[in-house]
Number of protein chains: 2
Amino acid sequence: MTRDRSNGMVMTLQLVGDFSTELDSTRDPVDLERALGRICGALGFDHFALSLEACALEAASPELLLHNYPAEWARIYTGFELAGRDPVRRACDHSFIGFAWGEIGSLIPLTRGDRQMLNIGRECGLDDGFTVPRNLPGLARGTCSFVVRPGRRLPAPSLPVAELVAALALTCALGLSGLVRRPATARLTDRQRECLLWTARGKTAAETAIILGISTETVIQHLKLARERYAVHCKQSLVLSALFDGVIGFADVFRLPGSRPSRRLRHQARDG
Amino acid sequence: MTRDRSNGMVMTLQLVGDFSTELDSTRDPVDLERALGRICGALGFDHFALSLEACALEAASPELLLHNYPAEWARIYTGFELAGRDPVRRACDHSFIGFAWGEIGSLIPLTRGDRQMLNIGRECGLDDGFTVPRNLPGLARGTCSFVVRPGRRLPAPSLPVAELVAALALTCALGLSGLVRRPATARLTDRQRECLLWTARGKTAAETAIILGISTETVIQHLKLARERYAVHCKQSLVLSALFDGVIGFADVFRLPGSRPSRRLRHQARDG
DNA sequence: CGGCGCTTACCCAGTTCTTGGTATGGGAAA
DNA sequence: TTTCCCATACCAAGAACTGGGTAAGCGCCG
C-alpha cells in the first residue's frame, strides 16, 4: 500500500460505500447477484460465489447460492458431489478472516485429493480465489468468494475491500433469507450433556457411568434420549451435532491451553 | 464518503496495512494490547476491548481479554457478572459484521435491563461503541470493540477500517491463544478421510462400504488405521479429532451434496 | 530394483452399542 | 392435584464396533 496507489484505494473504499448503499435497497436475491457481479469486476476479480446456509438440522433449511462460476465447474462440482470434500469450505471453519486459496495449506492439512480438486478448478477457469467465511452459531453460516481466472493474479490491494464487500453481501443475504428467528435447537438436560461430554472424550458408557457414579444403564438411557432429541442414530453424529450447536466445545474435549487439566482426569483419559 | 475526505481514508486504509504488518511480529498479548491501543486512538476512538474465548461448557474465563476500559466499568462488569446478560454480547450472535451499539435494538430485542446496562456503561465513560464479532464453530468466539467516551461520536468513516482492524486483531489473538493447532498433525489418506466423512454423517461401516463400492472389511480397515493415526479408540473421538484438525468440516457433514431431501426422504434417511 | 505407503480384502474373538421396552421417585408446572 | 419432565435403573436381542492378525496388487521414489 504505497502512496501512488492511493487513488485506487480511494476508489475501492468508495466502492464499499456505494455497495452498501446499493444493498440497502436490495429486496431480491437477483438484485444481490447483480450487485455482486458488478463489484466483483470493479475489484479486479472474474468470478464470485456466495453461499448461505441455515444451521437448522431438522427443518427444510433455506439456502442461498449465488455465483457466476463457469458452467463446467458447477456441473463437475454438483455432478461429482465435490462439495463434501472441498478444502475451501473446510478452511472456512478455521479462519476469522478471508483467506487466499494459496494460504489454505496453513489453515488445514491438504490431502492429495484436495490439491487435485483445486487443480480441476483451475482447469475450469478458477485459478486463485479469496474466500470470506462467517458463522453465526446455531443460526447460519456463509461464505463469499472472489476468484480470478488463469493468467491473472489476486488483486492484493483489493483484498481488504473484498473482505468488507463480502461481509456486506453475506449480511444482505442473511436479511433476505429471513433467518432472524433462531431455529429451535435440540435442548439437552444437564445429565444428558454430561454423559455426552464424556462420550465425546472417548469414554464408553461403562466408563462414563463410573465417572459419574451412576449405573451404566442410566448413561445409556441418557445418551439414548439425547440421540432422540437430535434425531441421530449413533454416537459420532450426536457428538458432532452437539458440537455444532455449541452444546459442547472442542475446549471441553481436548486439553487446550488455558484449561488446566486435572492430573487425575489426564491419568484416566483413554484418548488425547 | 466524499472526495474531500479521501485523504483521511487513505490514511486509515494505510493504518490497516501497518497494523497488519505490526501484528505479524507480535508474539505476546502485551504487544497486541499496545498495538490496539495505538490504532484505537488513530481511528478516532477512546477505548478498545478484545475478548477471545474457547468454546467450552466450563469456560468461565476468556482465553484472552485485553482492554483499556475505565477501571470502574471493569469492576462493575466482573463484580456483578454482567457478561451473562450483556446485550452487546448477545447481539454478537446475530451479526456477520461489526455493529454500532445504537443498532443493537435492530439485531435483538432490548429489555429494560439491557438499556439500563448500556446506561451504566455510559456513566462509566463508555458512551457509544462499535463491536466486531467473529465465531468459529466449536472452537472459539471473539469480539473486538472500539468505544468513544461521552461527548464524542462514533467516527463513521472509520468504521469499515475498524472492522478490518478488529478482525486482524482477533486473528492475531487466535494465533496467540494456541487454540489452533498448525496442520502438522495426523494426516489421513484420501480413502481414510472418505470413510471418516461418511462415518461422521452417521453411516455405519456397512453402509459406507455400499456407498463407496468396496467391502465392509475395507471400510473397517480404513477407519482402524485412521484411529491409529489419531491414537484414539472410538469413532466419536476420531470424528472429533479430524474435525478439530480440519481434515473434515462441519459443512462436509451437514450439507449432503446434491439432493436436498424432502420431508419424506428425510424420514427415510437415518441421519440428517 | 527394493522398500514404502496406499488400497483393497479377509478372519476372529470379545466388547460395545442400538433399539425396543418397563418402572420408580422427585420436582416443576399447569 | 394432576401432569409432565427429569434422573435413575433394569432387561434382552441383534447389530455394530474394536483390536489382533495376514496379505496381495499397485504406484512412487531413491
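Analyst: Happy to. One term before we begin: helices here are DSSP runs of H or I with at least four residues, strands are E runs of at least two, and both are numbered from the N terminus. Keep in mind too that this is a predicted model.

User: Great. Where is Gly44(A) placed?

Analyst: Gly44(A) is in the loop between helix H2 (29-42) and strand E1 (47-54) of chain A.

User: Is Gly44(A) buried or exposed, and why?

Analyst: Gly44(A) is buried, because 20 other C-beta atoms lie within 10 Å and the cut-off for buried is 20 or more.

User: And which residues is Gly44(A) in contact with, leaving aside its neighbours within four places in sequence?

Analyst: Pro155(A) and Ser158(A) are in contact with Gly44(A) on that basis. There is also a C-alpha separation of 9.8 Å between Gly44(A) and Pro157(A), which are 113 residues apart along the chain.

User: Nice. Let's move to helix packing. At what angle do H2(A) and H7(A) cross?

Analyst: They cross at roughly 175°, and their axes come within 10 Å. H2(A) and H7(A) are therefore roughly antiparallel, as the angle is over 145 degrees.

User: Which residues meet there, in H2(A) and H7(A)?

Analyst: From H2(A) you have Pro29(A), Leu32(A), Leu36(A) and Ile39(A), and these meet Val165(A), Ala169(A), Cys172(A), Ala173(A) and Leu176(A) in H7(A). By class, that contact has nine nonpolar residues, with no polar and no charged ones.

User: I see places three or four apart in those lists. Why would residues spaced that way point the same way?

Analyst: An α-helix has 3.6 residues a turn, so residues three or four places apart point the same way.

User: Now the DNA. Which residues come nearest to DNA strand D?

Analyst: Of the 21 residues around DNA strand D, the nearest are Thr189(A), Ile214(A), Ser215(A), Glu217(A) and Ala205(B). Helices H8 (190-200) and H10 (216-230) of chain A, along with H9 (205-212) and H10 (216-230) of chain B, each supply at least two residues of the surface near DNA strand D. H10(B) gives the most, with five residues. That surface near DNA strand D has six nonpolar, nine polar and six charged residues.

User: And which residues come nearest to DNA strand C?

Analyst: There are 21 residues around DNA strand C, and His233(A), Thr189(B), Ile214(B), Ser215(B) and Glu217(B) come nearest. Two or more residues of the surface near DNA strand C come from each of H9 (205-212) and H10 of chain A and H8 (190-200) and H10 of chain B. H10(A) gives the most here, with five residues. By class, the surface near DNA strand C divides into six nonpolar, nine polar and six charged residues.

User: Switching to the two protein chains, how many residues does the contact take from chain A and from chain B?

Analyst: The contact takes 72 residues from chain A and 70 from chain B. On the side of chain A that touches chain B, the largest share is eight residues, from H7(A). That side has 39 nonpolar, 20 polar and 13 charged residues.

User: What about H11(A), how many of its residues are buried?

Analyst: Ten of the eleven are buried, so H11(A) is largely enclosed by the rest of the structure. Among the buried residues are Leu238(A), Leu240(A) and Phe244(A). The buried residues of H11(A) pack against H8 and H10 of chain A, plus H8, H11 (235-245) and H12 (250-254) of chain B.

User: Last one: where is confidence lowest and highest in chain A?

Analyst: In chain A, helix H13 (residues 263-268) is lowest, at a mean pLDDT of 31, while strand E3 (residues 99-100) is highest, at 97. The pLDDT is below 50 over residues 257-272 of chain A, a stretch with 18 contacts in the model beyond near neighbours in sequence. For chain A the mean pLDDT is 83, and 81% of residues reach 70 or more.

Terms used:
Residues are numbered from 1 along each chain as its sequence is written. Chains are lettered from A and ligands numbered from 1 in the order in which they are written. This is a predicted model: local features need pLDDT of at least 70, side-chain atom pairs count only at pLDDT 80 or more; totals for chains, interfaces and linings use all residues. A residue is near a molecule or strand if its C-beta atom, placed from the backbone, lies within 6 Å of it. Ala, Val, Leu, Ile, Met, Phe, Trp, Tyr, Cys and Pro count as nonpolar, Asp, Glu, Lys and Arg as charged, and the others, Gly among them, as polar. Two residues are in contact if their C-beta atoms, placed from the backbone, lie within 7 Å. pLDDT is the predictor's confidence in each residue, from 0 to 100. A residue is buried if 20 or more other C-beta atoms lie within 10 Å of its own, exposed if 12 or fewer, and partly exposed in between; C-beta atoms are placed from the backbone. Axes are lines fitted to C-alpha atoms, for helices over the stretch in contact, and angles run from 0 to 180 degrees between N-to-C directions. Angles under 35 degrees count as roughly parallel, over 145 as roughly antiparallel, 65 to 115 as roughly perpendicular and the rest as oblique.
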